[in-house]
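Reader: I have the sequence and the model open, and I would like to know what stands behind each label. Could you take me through them?

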Amino acid sequence: MKQTDISGSEIDFSQCAKVNLNYVDLHSKPLNFAEDSEVYLCCCYNFPEQLDLSMCKRADLTGANLHQVKEIRFKNKSQKDEFFHACNYFNGNIVY
């Protein structure tokens, strides 16, 4: 992440098969992930208002601060149940 350019309008991980971030400030910028990628966003904060995980093969949001996220998109309910744990406070919309 230290070498990723976050000065643009989004943070683009579309060429990455695996994204592993811990305790990272995401600067409220939209995140773009690759199809079938593995995404680890443990304890990250300042997420964008809309978070799309529908294309991810695996996503770990353990301890992530999701208070400013208004919507999370999953592929289906099964994916949501696998990725999303009760340890995350989330009061927004879940979309499939």
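Author: Gladly, and surface comes first: accessible areas are calculated by the Shrake-Rupley method with a 1.4 Å probe, and for residues only the protein chains shown count as cover. On that basis the protein chain exposes about 5,600 Å², 44% of it supplied by carbon and sulfur atoms. Please keep in mind that this is a predicted model, where local features need pLDDT of at least 70 and side-chain atom pairs count only at pLDDT 80 or more, while totals for chains, interfaces and linings use all residues. Residues are numbered from 1 along each chain as its sequence is written, and side-chain values use heavy atoms, with hydrogens and water left out.

Reader: Why is Gln79 called buried?

Author: Buried means under 20% relative accessible area, exposed means over 50%, and partly exposed lies in between (1.4 Å probe, protein chains only). Gln79 has a relative accessible area of 7%, so it is buried. This residue is found in helix α1 (residues 77-83). Of the 96 residues of the protein chain, 40% count as buried.

Reader: Which residues does Gln79 touch, leaving out those up to four places away in sequence?

Author: Contact means heavy atoms within 4.5 Å, and by that rule Gln79 touches Leu53, Ser54, Cys56 and Phe74. For the chain as a whole, among contacts with a separation of 6 or more, 10% are between residues 24 or more positions apart.

Reader: How do you know that β2 and β4 pair?

Author: Two strands pair if DSSP finds at least two bridges between them. Here 5 bridges join β2 to strand β4 (residues 38-42), and the two run parallel. Strand β2 (residues 18-22) has a covered face with Val19 and Leu21, and an uncovered one with Lys18, Asn20 and Asn22.

Reader: What makes the sheet an open one, and which strands are its edges?

Author: Its 3 strands follow the order β2-β4-β6 with parallel pairing. The edge strands β2 and β6 (58-60) each pair on one side only. From one strand to the next, the twist averages 5°, with axes being lines fitted to C-alpha atoms (for helices over the stretch in contact) and angles running from 0 to 180 degrees between N-to-C directions.

Reader: Why is the pair of Phe13 and Phe33 called stacked?

Author: Rings of Phe, Tyr and Trp (its six-membered ring) pair if their centres lie within 6.5 Å; planes under 30 degrees apart count as stacked, over 60 as edge-to-face and the rest as tilted. The structure holds 2 aromatic pairs. In this one, the ring centres of Phe13 and Phe33 are 6.0 Å apart and the planes lie at 10°, so the pair is stacked. Phe13 belongs to strand β1 (residues 11-13) and Phe33 to strand β3 (residues 31-33), so the pair ties together parts 20 residues apart in sequence. Phe13 is buried at a relative accessible area of 6%, and Phe33 is buried at 5%.

Reader: What makes Glu38 and Lys57 a salt bridge?

Author: The rule asks for a side-chain nitrogen of Lys or Arg within 4 Å of a carboxyl oxygen of Asp or Glu. Glu38 and Lys57 meet at 3.8 Å, N to O. They link distant parts of the chain, with Glu38 in strand β4 and Lys57 in the loop between β5 (50-52) and β6, 19 residues apart. Both are partly exposed: Glu38 has a relative accessible area of 22%, and Lys57 has 49%. The count by this rule comes to 4 salt bridges.

Reader: Why are Asp81 and Lys77 said to be about one helical turn apart?

Author: They are 4 residues apart in helix α1, which is why the separation is about one helical turn. Salt bridges that share partners join Lys77, Lys80 and Asp81 into one network.
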